[in-house]
Amino acid sequence: MDTGSRLHRLLADRPAPLRDAVIASRMLLRTASLLEQRIDAALAPHGLTMREYLALVLIADDAVEPLRPSDLGTSLNANRTRITRLLDGLEARGLMRRVPDQADRRSLHLAQTEAGAALVAAATPLAHAAYLAAWAPLGEDGTRRTGGALRRLHEHLTKEAP
């Protein structure tokens with residue numbers, strides 16, 4: 001018996017709104033995992049994972065202000081330990097560097113190296129193609145509507161956060 005069938009069986013006697021909410025939540029989490037696996041596979045020829053790629057893209061966007069490790073953690077929904085490991089790996093590969101903040105020497109910001117910029121430029125078409133392929137079954141309108149629904153859910157859960 002697969003997990004989906006088991007979940008349906010366990011929820012069979014529950015009220016429909018609860019059953020639908022639990023099933024939708026499980027489907028969302030599983031789908032996010034599958035999407036990350038697809039993006040990881042697309043980026044593998046460049047030796048990147050989706051999180052590493054996203055980190056490099058976010059680090060490069062320093063037009064307004066440099067990115068701090070804590071900001072990256074928020075953007076990637078990762079704790080301090082996970083971000084430290086991610087940054088250690090990217091820095092060891094020469095793709096980014098940690099730079100002391102001139103105004104507050106206790107603080108760091110992140111800077112992309114030329115090698116990091118070149119890698120992002122090479123990997124971006126593969127990442128974009130993987131995103132488009134993953135969302136293709138919904139079509140442009142369905143993707144836009146789903147994105148809107150997910151934004152509303154995100155805003156609601158953000159307001160409700162403990």
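My entries follow, starting with ground rules.

**Ground rules**

I am working from a predicted model, where local features need pLDDT of at least 70 and side-chain atom pairs count only at pLDDT 80 or more, while totals for chains, interfaces and linings use all residues. Numbering starts from 1 along each chain as its sequence is written, and side-chain values use heavy atoms, with hydrogens and water left out.

**Entry 1: overall layout**

I looked up the secondary structure and found seven helices and two strands. Here helices (H or I, at least four residues) and strands (E, at least two) are DSSP runs, numbered from the N terminus. From the N terminus on, the order reads α-α-α-α-α-β-β-α-α.

Next I checked the overall dimensions. The C-alpha atoms fill a box of roughly 60 × 35 × 30 Å along the principal axes. The radius of gyration is 19 Å, whereas a compact globule of 162 residues would have one near 15 Å. That radius is taken over C-alpha atoms, and the globule rule is 2.2 Å times the number of residues to the power 0.38.

I then looked at burial. Of the 162 residues, 25% count as buried; buried means under 20% relative accessible area, exposed over 50%, and partly exposed in between (1.4 Å probe, protein chains only). The accessible surface comes to about 11200 Å², and 57% of it belongs to carbon and sulfur atoms. Those areas come from the Shrake-Rupley method with a 1.4 Å probe, and for residues only the protein chains shown count as cover.

Among contacts between residues at least 6 apart in sequence, 45% join residues at least 24 apart, contact meaning heavy atoms within 4.5 Å.

**Entry 2: salt bridges**

How many salt bridges does a search of the whole structure find? I got seven, counting a side-chain nitrogen of Lys or Arg within 4 Å of a carboxyl oxygen of Asp or Glu. Side chains of opposite charge can pair when their charged atoms come close.

I went through three of these pairs:

- Glu52 pairs with Arg93, with the closest N and O atoms 3.5 Å apart. This one links distant parts of the chain, 41 residues apart: Glu52 sits in helix H3 (residues 50–60) and Arg93 in the loop between helix H5 (80–92) and strand S1 (96–100). Glu52 counts as buried at 15% relative accessibility, while Arg93 is partly exposed at 37%.
- Asp88 pairs with Arg98, the closest N and O atoms being 2.8 Å apart. Asp88 is in helix H5 and Arg98 in strand S1, so the bridge ties together parts ten residues apart in sequence. Both ends are partly exposed, Asp88 at 40% and Arg98 at 23%.
- Arg144 pairs with Asp141, with 3.7 Å between the closest N and O atoms. They are three residues apart in helix H7 (residues 139–159), which means about one helical turn between them. Arg144 is exposed at 51%, and Asp141 is partly exposed at 44%.

I also noted a network of salt bridges that links Asp88, Glu91 and Arg98.

**Entry 3: helix H7**

I checked the length of H7 against expectation. Its 21 residues should span 30 Å at 1.5 Å a residue, and the end C-alpha atoms are 30 Å apart, so the two agree. The expected span is 1.5 Å times one less than the number of residues.

Which residues of H7 are buried? They are Gly142, Gly147 and Gly148.

On the surface I found a nonpolar patch of Leu28, Leu150, Leu153 and Leu157, with about 310 Å² of accessible area together. Patch members have over 30% relative accessible area and no salt bridge; like charges are joined within 9 Å, and nonpolar side chains (Val, Leu, Ile, Met, Phe, Trp, Tyr) within 5 Å. H7 gives the most to this patch, with three residues, and Leu157 lies in that helix.

**Entry 4: Leu43**

Leu43 is in helix H2 (residues 16–43) and is buried, with a relative accessible area of 0%. Leaving aside neighbours within four places in sequence, Leu43 contacts Leu48, Thr49, Met50, Tyr53, Ala123 and Ala127. I also took the C-alpha to C-alpha distance from Leu43 to Leu18: 38 Å, for 25 residues in sequence.

**Entry 5: Asn77**

Most residues other than glycine have a negative phi. Asn77 has a positive phi of about 55° although it is not a glycine. Asn77 is in the loop between helix H4 (69–76) and H5, and is exposed, at 68% relative accessible area.
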